[in-house]
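Hi there,

Here is the structure I promised to pass on.

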Amino acid sequence: MNLYEQGYLNLLLNHLPLAEDLLEKSLVYAGKSEDLIAQACSHRGLGELYAIQLKNEKALSHFKASQALFVEADDSVGAAEIVAKIEQLEQLEKI
């Protein structure tokens, strides 16, 4: 199991400090690999983590980075999913 998967699993299990550590590490290694999808997924995971913690500015930053990477990788499905997450977060900020 890779760092992203471990981080995301811990996110789902609500082990947020461990999830953050693993997702941050996954982003570092994804960046070294030049794998755009891996980078996009790591940013998405961190965006979801920070959204859960109501750290909306950090969440938006990671979601926007994720969207840009999905677009660069020609993954329109991944990019569209992130657009939806960004819109949801922006709607919540208006409440």
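A salt bridge here means a side-chain nitrogen of Lys or Arg within 4 Å of a carboxyl oxygen of Asp or Glu. Please keep in mind that this is a predicted model. With that cut-off, the structure holds two salt bridges.

One of them pairs K25 with D21, whose closest N and O atoms are 3.3 Å apart. Both residues sit in helix α2, four residues apart, which is about one turn of the helix. K25 is partly exposed, at a relative accessible area of 39%, and D21 is also partly exposed, at 36%.

The other joins the side chains of K85 and E48, with 3.2 Å from N to O. Here K85 belongs to helix α5 and E48 to helix α3 (residues 36-52), so this pair ties together parts that are 37 residues apart in sequence. K85 is partly exposed, with a relative accessible area of 25%. E48 has a relative accessibility of 12% and therefore counts as buried, because the limit for buried is under 20%.

Helix α1 (residues 3-12) packs against helix α2 (residues 16-33) at an angle of about 155 degrees, and their axes are 8 Å apart. That makes the two helices, α1 and α2, roughly antiparallel, because angles over 145 degrees are put in that class. They cross in a left-handed sense. On the α1 side the contact involves L3, Y4, Q6, G7, Y8, N10 and L11, and these meet L16, L18, A19, L22, L23, K25, S26 and Y29 of α2. Sorted by class, the contact of α1 with α2 has ten nonpolar, four polar and one charged residues. K25, then, is part of this contact as well as of the salt bridge with D21.

What angle do helix α4 (residues 56-72) and helix α5 (residues 76-94) make? They pack at about 160 degrees, with axes 8 Å apart, and α4 and α5 are therefore roughly antiparallel to each other. The crossing of α4 past α5 is left-handed. From α4, the residues in contact are N56, A59, L60, F63, K64, S66, Q67, F70 and V71, while α5 brings G78, A79, I82, V83, K85, I86, L89, E90 and E93. These divide into ten nonpolar, four polar and four charged residues. K85 is on that list, and K85 is also the partner of E48 in the salt bridge described above.

Best wishes

Conventions. Residues numbered from 1 in each chain as written. Predicted model: local features only at pLDDT ≥ 70, side-chain atom pairs only at ≥ 80, totals over all residues. Heavy atoms only, no water. Axes fitted to C-alpha atoms, helices over the stretch in contact; angles between N-to-C directions. Parallel < 35°, antiparallel > 145°, perpendicular 65-115°, else oblique. Left-handed = near helix turned anticlockwise from the far one by under 90°. Contact = heavy atoms within 4.5 Å. Nonpolar A, V, L, I, M, F, W, Y, C, P; charged D, E, K, R; others polar. Buried < 20%, exposed > 50% of the residue type's maximum accessible area, 1.4 Å probe, protein only.
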